[in-house]
Amino acid sequence: MRPFTILDGLVAPLDRANVDTDAIIPKQFLKSIKRSGFGPNLFDEWRYLDVGQPRYQGAQILLTRSNFGCGSSREHAPWALDDFGFRAIVGESFADIFFNNCFKNGLLPVVLPAAEIDALFALVEVTPGFRLRVDLPNQVVVRPDGHVIAFDIDAFRKECLIHGLDDIGLSLRHADKIRAFEERRRAEQPWLFA
């Protein structure tokens with residue numbers, strides 16, 4: 001998993017509440033358990049029915065409303081967002097399972113107050129090329145005008161993102177102890193390995 005520390009990125013707005021995982025990555029594209037290849041189908045029904053806004057191409061930060069990622073608990077949703085190029089999602093609230101899946105897949109979901117989200121949507125609309133700085137170590141989002149917005153994050157999740165540690169990475173930090181245990185077990189109980 002890629003580490004996440006500070007991101008200065010272009011912002012793409014998705015001014016909708018209750019965006020479910022079937023809208024994020026429709027079920028007909030869930031044909032693989034690889035973490036890549038889902039980006040082209042992100043928001044498939046919305047993106048391909050609308051010519052879109054070229055000014056948002058290359059965006060790394062998705063701005064959204066409340067309850068983003070509701071619906072089924074597919075891990076493919078954060079995979080698709082990441083594969084498309086998003087590294088952070090800034091919104092009023094997130095569905096629980098989606099929120100947890102983001103952290104396990106290197107995406108940073110940032111919860112901000114509704115008034116701050118409203119202000120960000122207004123700024124994105126009138127400012128082509130609007131960017132935000134998301135600073136995970138200091139737990140702040142900084143607007144181009146210098147306005148700083150603090151956000152909360154669980155300390156363990158923060159540490160995992162900063163160091164790029166998913167569940168497997170956390171286990172592999174103890175690889176030496178795991179190998180030592182396996183060697184000791186093989187010596188003490190050789191009949192298990194016959």
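This note goes through the sheet, the helices and a few backbone details of the model.

1. **Ground rules.** This is a predicted model, where local features need pLDDT of at least 70, side-chain atom pairs count only at pLDDT 80 or more, and totals for chains, interfaces and linings use all residues. Residues are numbered from 1 along each chain as its sequence is written, and side-chain values use heavy atoms, with hydrogens and water left out. Helices (H or I, at least four residues) and strands (E, at least two) are DSSP runs, numbered from the N terminus.

2. **The sheet.** Start with the seven strands. They form an open sheet in the order E4-E3-E2-E1-E5-E6-E7, and the pairing is mixed. Two strands pair if DSSP finds at least two bridges between them. Strand E4 (108-111) and strand E7 (148-150) are the edges, each pairing on one side only. From one strand to the next, the twist averages 30 degrees. Angles here run from 0 to 180 degrees between N-to-C directions, and axes are lines fitted to C-alpha atoms, for helices over the stretch in contact.

3. **Pairs inside the sheet.** Strands of a sheet pair through backbone hydrogen bonds, either parallel or antiparallel. E1 and E2 run parallel, joined by four bridges. Here Leu14 has Thr64 of E2 as its bridge partner. E2 also pairs in the parallel sense with strand E3 (residues 88-91), over three bridges. Leu62 stands opposite Ile89 in E3. E1 and E5 are antiparallel, with five bridges. In that region, Leu10 faces Arg131 of E5.

4. **A helix across the sheet.** Helix H5 (residues 114-126) lies across strand E1 (6-14), E2, E3, E5 and E7. Its direction is about 115 degrees to E2.

5. **H3 against H4.** How do the axes of H3 and helix H4 cross? They come within 8 Å and cross at roughly 50 degrees. The two helices are therefore oblique to each other: angles under 35 degrees count as roughly parallel, over 145 as roughly antiparallel, 65 to 115 as roughly perpendicular and the rest as oblique. The crossing is right-handed, meaning that the near helix is turned clockwise from the far one by less than a right angle. Ala77, Pro78 and Leu81 of H3 meet Phe98, Asn101 and Cys102 of H4. Contact means heavy atoms within 4.5 Å. Five of these residues are nonpolar, one is polar and none is charged. Ala, Val, Leu, Ile, Met, Phe, Trp, Tyr, Cys and Pro count as nonpolar, Asp, Glu, Lys and Arg as charged, and the others, Gly among them, as polar.

6. **What is buried.** Buried means under 20% relative accessible area, exposed over 50%, partly exposed in between (1.4 Å probe, protein chains only). H3 has His76, Ala77, Pro78, Trp79, Ala80 and Leu81 buried. Their cover includes H1, E2, E3 and H4. Thr21 belongs to helix H1 (residues 21-24). Thr21 counts as buried because its relative accessibility is 1%. Beyond its neighbours within four places in sequence, Thr21 touches Gly69, Cys70, Gly71, Ser72, Arg74 and Ala77.

7. Most residues other than glycine have a negative phi. Which way does the phi of Asn67 go, positive or negative? Asn67 has a positive phi, near 60 degrees. Asn67 sits in the loop between strand E2 (61-64) and helix H3 (76-84). With a relative accessible area of 27%, Asn67 is partly exposed. Gln139 also has a positive phi, about 55 degrees. Its loop lies between strand E5 (131-135) and strand E6 (140-142).
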